[in-house]
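Let's walk through how to read a few packing features, one question at a time.

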Amino acid sequence: AGRPTPGTSEAPLEVLRRVWGYDEFRGEQSEIISTVVAGGDALVLMPTGGGKSLCYQVPALVREGTGVVVSPLIALMQDQVDALSALGVRAGFLNSTQQAFQRREVEDAFLAGELDLLYLAPERLNVPDTVDLLTRGHVALFAIDEAHCVSQWGHDFRPDYLRLSMLHERWPGVPRIALTATATAATHREIAERLQLEDARHFVASFDRPNIQYRIAPKDNPRAQLLDVLRTEHPGEAGIVYCLSRASVEQTAAWLVTQGIDAMPYHAGLDRGVRAHNQARFLREDGVVMVATIAFGMGIDKPDVRFVAHLDLPKSVEGYYQETGRAGRDGLPSTAWMAYGLADVVQQRRLIDTSEGDATHRRRLTQHLDAMLALCETVSCRRVQLLNYFGQASQACGNCDTCLVPPTTWDGTVAAQKLLSTVARMAQRGQRYGVGHVVDVLRGKRTPRVAQLRHDDLSTFGIGEELSDGEWRGVVRQLVAAELLAVDTEGYGTLQLTDASGEVLRGERTVAMRREPERTRTRRASSSG
Ligand code: ADP
Ligand code: ZN
């Protein structure tokens, strides 16, 4: 049973110690819990691993009645309920995966006042029966987990969340607590507005995760780079490798296995049983590497994930932060490593160009991507940039790649002009080419293609010998990231000028470029890419 003696209420700290066996609340947990216990609303922004669950679980045990938790994480409800039951907390859930008789059992327990916590999938609230059920029982509080799902502009919108404002209208006296690990100032405001939480107390924890070392490396041979990180820094340790597509998830996992890594795939296209099996192995066994699409990870509570690697560029800083935040929940040193290259920018721009939705929607996606690109191309502290994105000021951290091995900038204006004018001259002949050929022309290489196209006649032929192939690719990548150059995203990846290219060509705009630190440059030079 969740309560010691009927009719008496226990102090939150006693509940924490008796049920969970923890000594103290962490950070703002105590304040948040007192607010909700006293009947007030709360909006909680706390990073992954910060301890959000206790913020509603403890008040649910202290207050009379059942704490109703709205959560989109249907796949995890059984695990959550099992974990609570093991602690002696009376919990149940209602979602679409259940048989009618199973639902009825839970409903009966709720009506009999025998549940401390009831987890609900948001779509349950569209069913009049559920609203009726809640009305007949005794609700202690409403917790709205993953509250950013209410944001239409966020990366995780769920239409059913829009209906949650109904909770306040139907049960004005029941306290509500909304929680999320993802919120820029804009999302934060949107949550407050859409959930009618204007009068709620806002608790914004620091989003810094000091034990995570952030690193973003230029992509040349991503598999070899990944293997190097796994073998030299995290041998035998658990981690997650994110890939964009299901196919690359499967190929990467299979390849890692051939290299002796205990890797498994996870994506929404896999059979339900396979997914459950792989997830269970990842959670219960040591040192398993999960290669996954972003379908994996939400709500996964594994404290000793030692690294999160991205082989493809995330769509937004929010997504990147949430995914990397799955590393090091136990507070021990962990790595967030990513490989990033020109093809990533091209691929993400293509996804935006072909996405459904109107121009406003696409503009929003572009803003998300641009913020992510700015993080990749920054020459100052990654953490400062990341926290700044969430509206939190900080100092250079000393524990990210740009702090540890500072990149320098160089004036890339002349290089940009050389490259853009080469593209412009080809365009004058009615031709477009990809990055490989354009760099060959700049470097004065007499390849068969150059000869066949007579590109050695171009006035820019051979004017770019001062930079290596890799450095030219870096120039192209940064110009594309800054939208000073475009890559045809439908056909063959050919380069073309943008509206802003002219400003650089006419000398009205200078271009600062990132120079990769020596370490990565020598590594790149020694590989084939
Ligand atoms: P979040 O939902 O914010 O990602 P969780 O609620 O899953 O985080 O908590 C992360 C981990 O920290 C869990 O293992 C939880 O048991 C633990 N934890 C939370 N609060 C405390 C506390 N006050 N003392 C000790 N451990 C805690
Ligand atoms: Zn730093």
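**Helix pairs, cores and a loop**

Q: Which way does H17 pass H18, left-handed or right-handed?
A: A crossing is left-handed if the near helix is turned anticlockwise from the far one by less than a right angle, and right-handed if clockwise. Here H17 passes H18 in a right-handed crossing. Bear in mind that this is a predicted model, where local features need pLDDT of at least 70, side-chain atom pairs count only at pLDDT 80 or more, and totals for chains, interfaces and linings use all residues. Residues are numbered from 1 along each chain as its sequence is written, while chains are lettered from A and ligands numbered from 1 in the order in which they are written.

Q: At what angle do the axes of H17 and H18 cross?
A: Helices (H or I, at least four residues) and strands (E, at least two) are DSSP runs, numbered from the N terminus. Axes are lines fitted to C-alpha atoms, for helices over the stretch in contact, with angles from 0 to 180 degrees between N-to-C directions. For H17 (residues 413-428) and H18 (residues 435-442), the axes come within 10 Å and cross at roughly 110°. So H17 is roughly perpendicular to H18; angles under 35 degrees count as roughly parallel, over 145 as roughly antiparallel, 65 to 115 as roughly perpendicular and the rest as oblique.

Q: Which residues make that contact?
A: Two residues are in contact if their C-beta atoms, placed from the backbone, lie within 7 Å. H17 brings Lys 418, Leu 419, Thr 422 and Val 423, and H18 brings Val 438, Val 441 and Leu 442.

Q: What about H13 and H14: at what angle do they cross?
A: The axes of H13 (residues 342-353) and H14 (residues 359-377) come within 10 Å, crossing at roughly 165°. These two are therefore roughly antiparallel to each other. On the H13 side you'll find Val 345, Gln 348 and Ile 352, which meet Arg 362, Leu 365, Thr 366, Leu 369 and Leu 373 of H14.

Q: Which residues have the most contacts inside the largest nonpolar core?
A: A nonpolar core is a set of buried Ala, Val, Leu, Ile, Met, Phe, Trp, Tyr and Cys residues joined through C-beta atoms within 7 Å. Met 290, Val 291 and Leu 419 come out on top in the largest one, which has 85 residues. Beyond its neighbours within four places in sequence, Leu 419 touches Val 438, Leu 442, Val 475, Val 476 and Leu 479. There's also a second, separate core of 57 residues, with Val 37, Val 44, Leu 125 and Leu 195 among them.

Q: Where is Asn 221 found?
A: Look in the loop between strand S8 (212-218) and helix H9 (222-233). Asn 221 is partly exposed, with 15 other C-beta atoms within 10 Å; 20 or more would be buried, 12 or fewer exposed, and in between is partly exposed, with C-beta atoms placed from the backbone.
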